[in-house]
Amino acid sequence: LVPGGRRTVAVGAALALVVPAMLFESNPPTRAGSERAVAATPAATGTPAPPQVAPAVQVRPTTSPEPSRARPAPPRGTPQPPVERRCGAPANPFGYDFCGGQRIRRPAAGVCDWFECVPGFWSDRGWLVQCRDGSISRTGGQRDVCAGHQGLRRTVWR
C-alpha cells in the first residue's frame with residue numbers, strides 16, 4: 001500500500017530513470033583555471049614570428065617622494081556644480097530622486113515629462129512612488145499602491 005497509489009509509483013519510477021539520464025547527458029564540471037582560449041582564425045602556417053621584447057626602462061629613485069594630487073583644488077570662492085544624486089531616477093529639473101529625503105505629495109506640473117506616469121496619475125491621492133513596472137504613481141500610503149502595475153518598488157523623494 002503506497003500513499004497515492006499507482007500514480008505515485010509511476011511518477012517515482014519515471015524520475016528514477018529520467019534524472020540519471022539527464023545527468024549523463026550534461027557536460028562534466030570544469031575546474032577553475034582549466035579553460036583554454038581558442039583562436040578564431042585558422043592556425044598559421046610556416047615559421048612563427050619571434051616574440052617582441054619591450055625595451056628596458058630604467059627607474060631612478062627620488063630622494064624625497066612627494067604626494068601628487070590627481071587634480072588641483074579649485075580657487076576659493078569658485079562655485080562648485082552640485083553633485084547629482086539620483087539613485088537611478090532620470091535626470092529632472094525638480095530634483096526628484098530615489099535616494100531619500102521628503103515625500104512628494106504635490107508633484108510639479110511637468111513631472112510626467114520626465115517620468116513615466118500611470119494613467120490617471122493626477123486623479124490619485126498620496127505621495128509619489130515608483131511601481132515595479134517602472135511607472136510612477138500618486139498612490140503612496142494607500143492600500144492598493146501601484147495596483148495593476150506589479151506593486152510598489154520604491155518611493156520618489158525630493
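1. Helices (H or I, at least four residues) and strands (E, at least two) are DSSP runs, numbered from the N terminus. By this reading, the protein has two helices and three strands, and their order along the sequence is α-α-β-β-β.

2. The structure is a predicted model, in which local features need pLDDT of at least 70 and side-chain atom pairs count only at pLDDT 80 or more, while totals for chains, interfaces and linings use all residues. Residues are numbered from 1 along each chain as its sequence is written, and side-chain values use heavy atoms, with hydrogens and water left out.

3. The protein has 158 residues, and 21% of them count as buried. The protein exposes about 13700 Å², of which 57% is supplied by carbon and sulfur atoms; such areas come from the Shrake-Rupley method with a 1.4 Å probe, and for residues only the protein chains shown count as cover.

4. Contact means heavy atoms within 4.5 Å. Among contacts between residues at least 6 apart in sequence, 31% join residues at least 24 apart.

5. The largest nonpolar core has 17 residues. A nonpolar core is a set of buried Ala, Val, Leu, Ile, Met, Phe, Trp, Tyr and Cys residues joined through side-chain atoms within 4.5 Å. The members that touch the most others are Y96, V111, F115, F121, L128, I136 and V156. Strand 1 gives the most to this core, namely four residues. As for V111, and not counting residues up to four places away in sequence, this residue touches F94, Y96, C117, F121, W122, L128 and I136. As general background, nonpolar side chains tend to be buried together in soluble globular proteins.

6. The structure contains three aromatic pairs. Rings of Phe, Tyr and Trp (its six-membered ring) pair if their centres lie within 6.5 Å; planes under 30 degrees apart count as stacked, over 60 as edge-to-face and the rest as tilted. The pair of Y96 and F115 is tilted, because the ring centres are 6.4 Å apart and the planes stand at 35°. Y96 lies in the loop between helix 1 (6-25) and helix 2 (111-114), and F115 in the loop between helix 2 and strand 1 (127-131), so the pair ties together parts that are 19 residues apart in sequence. Both Y96 and F115 are buried. F121 and W122 form an edge-to-face pair, with 4.8 Å from centre to centre and 85° between the planes. In that pair, F121 is buried at a relative accessible area of 3%, whereas W122 is partly exposed at 45%. Ring pairs also link F94, Y96 and F115 into a cluster.

7. A further ring takes part in a contact with a charge: the charged end of R103 sits over the ring of W127, 4.0 Å from its centre. The criterion is that NZ of Lys or CZ of Arg is within 6 Å of the ring centre and within 35 degrees of the ring normal.

8. S137 belongs to strand 2 and is buried, with a relative accessible area of 2%. The side chains of S137 and T139 are joined by a polar contact of 3.0 Å. A polar contact is a pair of N or O atoms within 3.5 Å; within protein, one must be able to donate a hydrogen and the other to accept it, and residues adjacent in sequence count only if both atoms are side-chain atoms. Beyond its neighbours within four places in sequence, S137 is in contact with V118, F121, D124, W127, L128, V129, C131 and C146.

9. Q130 lies in strand 1 and is buried at a relative accessible area of 7%. Leaving out residues up to four places away in sequence, Q130 touches F98, S135, I136, C146, L152, R153, R154 and V156.

10. The loop between strand 2 and strand 3 holds C146, a buried residue at 2% relative accessibility. C146 is not a glycine, yet its phi is positive, about 55°.

11. Q150 is in the loop between strand 2 (136-140) and strand 3 (152-155), and phi of Q150 is near 70°, a positive value in a residue other than glycine. Is Q150 buried or exposed? Q150 counts as exposed because its relative accessibility is 58%. Apart from neighbours within four places in sequence, Q150 is in contact with R132 and D133. The C-alpha atoms of Q150 and R132 are separated by 5.4 Å, although the two residues are 18 residues apart along the chain.

Methods
Buried < 20%, exposed > 50% of the residue type's maximum accessible area, 1.4 Å probe, protein only.
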